[in-house]
Amino acid sequence: MATLAALAQKPGWWQDVLADASLIIGIRDEKFDVYWNGQSLFNADFQGEKVNVNTHVKYLLDPKRDDRVTLKEDGIFHVELTPILPRYASGTLSKLKTAAYLFSGMEKQGVHAIAQASENIVDVEICLDAKNLDTKRDYPRIDIAAFEQRPDGVELVFWEAKLFANKELRANGRDSPEVVGQINEYKQVLQARKTEVLASYSSVAKNLVTIAEISGGIRKVGPAVRRVADGEELLKMSSLANVGLAIFGFDADQKADGGIGHKHYEKLKNLLGENSVRRRGDADGWKLHFKG
């Protein structure tokens, strides 16, 4: 945090990130990612007092370039000038976001919109460690982690977000949709790693508060996050973690009783529990809650 505070005083990528509240900072083990619509614009780690940062080459295509490239008879593209951004300068972050958006599907865009709607969401694109557990995947990924206020503390909850068109939400007959198995796997891993996960997100809360302070108040944290960071309330997790399913991208006919989505929605509620499944036509501004 001290290294990042010092870096924030210098013009460059980190100062720009702090000034752009639409970007999501996902804090990892001694490193972090900066997300835009599910795409990691920056991945950073630390070497002493130095921040090492990288981005994907596909985001460096300058969207303002309008060069035409000749396709030769032998199938070779004749490129005289490189379209790759040569250096980070004023306006580069906007170009990176424009390029990254091209690689982000509607589902990732919906997750980003949900995360932007709540200051108590603390993480996205979460990779869980399931190695040496009886699971299908060693590193399953879940979309969202959030803090929810409870009478006896703050609870860490998780959400898997799916576009209605995603086939993982549906299954024929008595078969379970694939997403049910995914969510049960998340619960299994979170139960096994409960102590480590709670300790990690307690640290994340402190770091997010510090980053908000470094940003001069541009970046916000929710009251539940601040309470955990300040030690006012204990972060807890249910014995079987609350992992919800958020479905978006419905239209009115699909949501209606008897509509194409209704039977699938009811099936998911029966399998996962009514309190664990939410649906909404548009993800923009959607504040997810398990209770209250």
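Hi everyone. Let me start with a definition: helices, of at least four residues, and strands, of at least two, are DSSP runs, numbered from the N terminus. One more thing before we look around: this is a predicted model.

Let's begin with the sheet. Four strands make up an open sheet in the order E1-E2-E3-E4, and the pairing is antiparallel. Strand E1 (24–27) and E4 sit at the edges, each pairing on one side only. From one strand to the next, the twist averages 25°. If you zoom in on E3 and E4, you'll find five bridges joining these antiparallel strands. Asp45, for instance, stands opposite Asn52 in E4.

Now on to helix H3. It lies across E2 and E3, and runs at about 125° to E3. Which residues of H3 (residues 92–101) are buried? They are Thr92, Leu93, Leu96, Lys97, Ala99 and Ala100. Looking down the axis of H3, these buried residues fall within an arc of 165°, so they line one face of the helix. And what covers them? Among the covering elements are helix H2 (13–18), strand E2 (31–36) and strand E3 (39–47).

Last stop, Asp67. You'll find Asp67 in the loop between strand E4 (50–54) and strand E5 (70–71). Is Asp67 buried, exposed or partly exposed? Its relative accessible area is 41%, so Asp67 counts as partly exposed. Its side chain makes a polar contact of 2.7 Å with the side chain of Arg65. Thr82 is 15 residues away along the chain, and the C-alpha atoms of Asp67 and Thr82 are 9.8 Å apart.

Note on methods:
Residues are numbered from 1 along each chain as its sequence is written. This is a predicted model: local features need pLDDT of at least 70, side-chain atom pairs count only at pLDDT 80 or more; totals for chains, interfaces and linings use all residues. Side-chain values use heavy atoms; hydrogens and water are left out. Buried means under 20% relative accessible area, exposed over 50%, partly exposed in between (1.4 Å probe, protein chains only). The arc is that of the directions from the helix axis to the C-beta atoms. Contact means heavy atoms within 4.5 Å. A polar contact is a pair of N or O atoms within 3.5 Å; within protein, one must be able to donate a hydrogen and the other to accept it, and residues adjacent in sequence count only if both atoms are side-chain atoms. Two strands pair if DSSP finds at least two bridges between them. Axes are lines fitted to C-alpha atoms, for helices over the stretch in contact, and angles run from 0 to 180 degrees between N-to-C directions.
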